Amino acid sequence: ASDVYKRQTHPAVVSALVMECLRRGAARVMVGDNPGGVEKDSRATAHKAGLVEASHGCFVRLSERVTEILLPSVGAKAPISSAILEADFLIDVPVMKTHVFTTITGAVKNLYGYVAGTAKARLHLAAPTRRQFASLLADLYALRPPDLVVMDALRVMEGNGPTHGQVRPLGKILAGKDGVAVDAVACRMMGVDPSRVHHLAEAASRGLGKIDGVEVEGSFSVIPDFRLPTTFAASPQEQVMLLQAIGRVHPVLREELCLQCGDCALNCPAQAISLDPYPVVNVERCITCYCCVELCPEGAWEIPSGIQEKFDRIFR
């Protein structure tokens with residue numbers, strides 16, 4: 001498979017879902033996304049990823065028509081794709097991956113794609129902490145909970161995802177009507193208690209889904225030796241100790257990989273990155289959202305090496 005399929009839903013999964021919807025008599029099927037760092041031309045991005053072809057003529061630009069919706073957690077309106085709000089039946093198709101900011105990205109985090117264009121950066125700035133961002137994700141999920149979640153776990157990403165972690169084959173598809181529950185099962189497969197994932201705990205507390213007592217049909221097993229992000233701490237006490245020991249974990253640049261394209265500076269929510277001529281982080285302004293890590297096409301930004309080793313020494 002192409003390298004891009006390590007980071008996105010595989011086109012074969014999208015193709016199968018489109019064909020099944022059409023077979024069942026859907027009057028119209030729409031496939032779309034609002035990728036970070038892309039304002040309007042999501043079709044160009046989707047074409048490179050093979051998703052336009054996989055959509056069998058059903059791909060749409062979700063950012064073209066939006067509705068401004070108030071998100072209570074940030075007290076501000078955001079442009080939400082109108083097609084999502086108007087859909088009779090909504091299928092959420094995430095990939096099973098780790099995430100340096102939210103621990104996992106699955107059914108709930110995938111709905112950050114409700115937000116059109118580059119407005120995502122503004123929302124990151126309005127909700128800079130993990131708990132604030134968790135509330136924001138729960139707001140978005142509550143706007144239009146998916147009717148069905150189909151999680152691509154054919155290949156899963158571990159380590160410092162969601163873009164440049166390590167990929168390993170798993171050969172599974174997770175599906176369910178409760179996206180929070182699907183994420184909870186994925187967490188447990190990764191060896192993570194879902195109550196330690198802020199946005200899942202927040203969604204469950206609002207009654208948007210279950211993280212405990214989830215019934216699983218089919219085989220379930222914990223993925224052996226699964227690597228979590230180096231920014232993950234298993235309990236609130238460990239999080240405090242980790243921050244006290246190493247301070248805020250700012251991203252670092254590998255200049256040998258950097259193309260000086262400027263995408264990181266353009267999409268930094270806090271405008272904490274300048275070009276001189278390589279990108280430089282203003283640590284006083286950085287909110288450690290890791291958008292630069294996620295959006296860099298070359299993987300030039302990364303979480304500093306040695307973080308996990310320091311963490312291990314604290315709790316040895």
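With a relative accessibility of 14%, Gln8 counts as buried, because the threshold for burial is under 20%. The structure discussed here is a predicted model. Gln8 belongs to the segment that precedes α1 (11-23).

A polar atom of the Gln8 side chain lies 3.3 Å from the backbone oxygen of Ala49. When neighbours within four places in sequence are left aside, the contacts of Gln8 are Ala49, Leu51, Val95 and Asp152.

## Overall architecture

The protein chain contains 12 helices and 11 strands. It comprises 316 residues, of which 49% count as buried. Among contacts in the chain with a separation of 6 or more, 68% are between residues 24 or more positions apart.

The accessible surface of the protein chain amounts to about 15200 Å². Carbon and sulfur atoms contribute 51% of that surface.

## Aromatic pairs

Two aromatic pairs are present in the structure. In one of them, the ring centres of Tyr112 and Phe133 are 5.1 Å apart and the ring planes stand at 80 degrees, so the arrangement is edge-to-face. The pair ties together parts that are 21 residues apart in sequence, because Tyr112 lies in the loop between β5 (103-105) and α5 (119-126), whereas Phe133 lies in helix α6 (residues 130-143).

Both Tyr112 and Phe133 are buried. Ring pairs also bring in Phe101, which forms a cluster with Tyr112 and Phe133.

## Helix α6

Helix α6, which carries Phe133, consists of 14 residues. From its first C-alpha to its last, α6 reaches 20 Å, close to the 20 Å expected at 1.5 Å a residue.

The buried residues of α6 are Phe133, Ala134, Ser135, Leu136, Leu137, Ala138, Asp139, Leu140 and Tyr141. Their cover includes the strands β1 (66-71) and β2 (76-81), together with the helices α5, α7 (179-190) and α8 (198-205).

## Salt bridges

The structure has 11 salt bridges. One of them joins the side chains of Glu20 and Arg23, with an N to O distance of 2.6 Å. Glu20 and Arg23 are three residues apart in helix α1, which means that about one helical turn separates them. An α-helix has 3.6 residues a turn, so residues three or four places apart point the same way. Glu20 counts as partly exposed at 28% relative accessibility, while Arg23 counts as exposed at 61%.

Another salt bridge is formed by Arg188 and Asp212, whose closest N and O atoms are 3.2 Å apart. Arg188 is in helix α7 and Asp212 is in the loop between α8 and α9 (236-246), so this pair ties together parts that are 24 residues apart in sequence. Both partners are partly exposed: Arg188 has a relative accessible area of 30%, and Asp212 has a relative accessibility of 49%.

Arg254 forms a salt bridge with Glu256, and the closest N and O atoms of the two lie 2.9 Å apart. Arg254 counts as partly exposed at 33% relative accessibility, whereas Glu256 counts as exposed at 57%. Elsewhere, salt bridges with shared partners join Glu20, Arg23 and Arg24 into one network.

Leu257 is located in the loop between β8 (252-253) and α10 (263-267). At 28% relative accessibility, Leu257 counts as partly exposed.

In sequence, Leu257 and Ala300 are 43 residues apart, yet their C-alpha atoms are 5.0 Å apart in space. Once neighbours within four places in sequence are left aside, Leu257 is in contact with Glu298, Gly299 and Ala300.

Definitions and conventions: Residues numbered from 1 in each chain as written. Predicted model: local features only at pLDDT ≥ 70, side-chain atom pairs only at ≥ 80, totals over all residues. Heavy atoms only, no water. Helix = DSSP H or I, 4+ residues; strand = E, 2+ residues; numbered from the N terminus. Buried < 20%, exposed > 50% of the residue type's maximum accessible area, 1.4 Å probe, protein only. Polar contact = N/O pair within 3.5 Å; in protein donor to acceptor, adjacent residues only side chain to side chain. Contact = heavy atoms within 4.5 Å. Phe/Tyr/Trp six-rings, centres within 6.5 Å; stacked < 30°, edge-to-face > 60°. Areas by Shrake-Rupley, 256 points an atom, 1.4 Å probe, with all protein chains shown as cover. Expected span 1.5 Å × (residues − 1). Salt bridge = Lys/Arg side-chain N within 4 Å of Asp/Glu carboxyl O.
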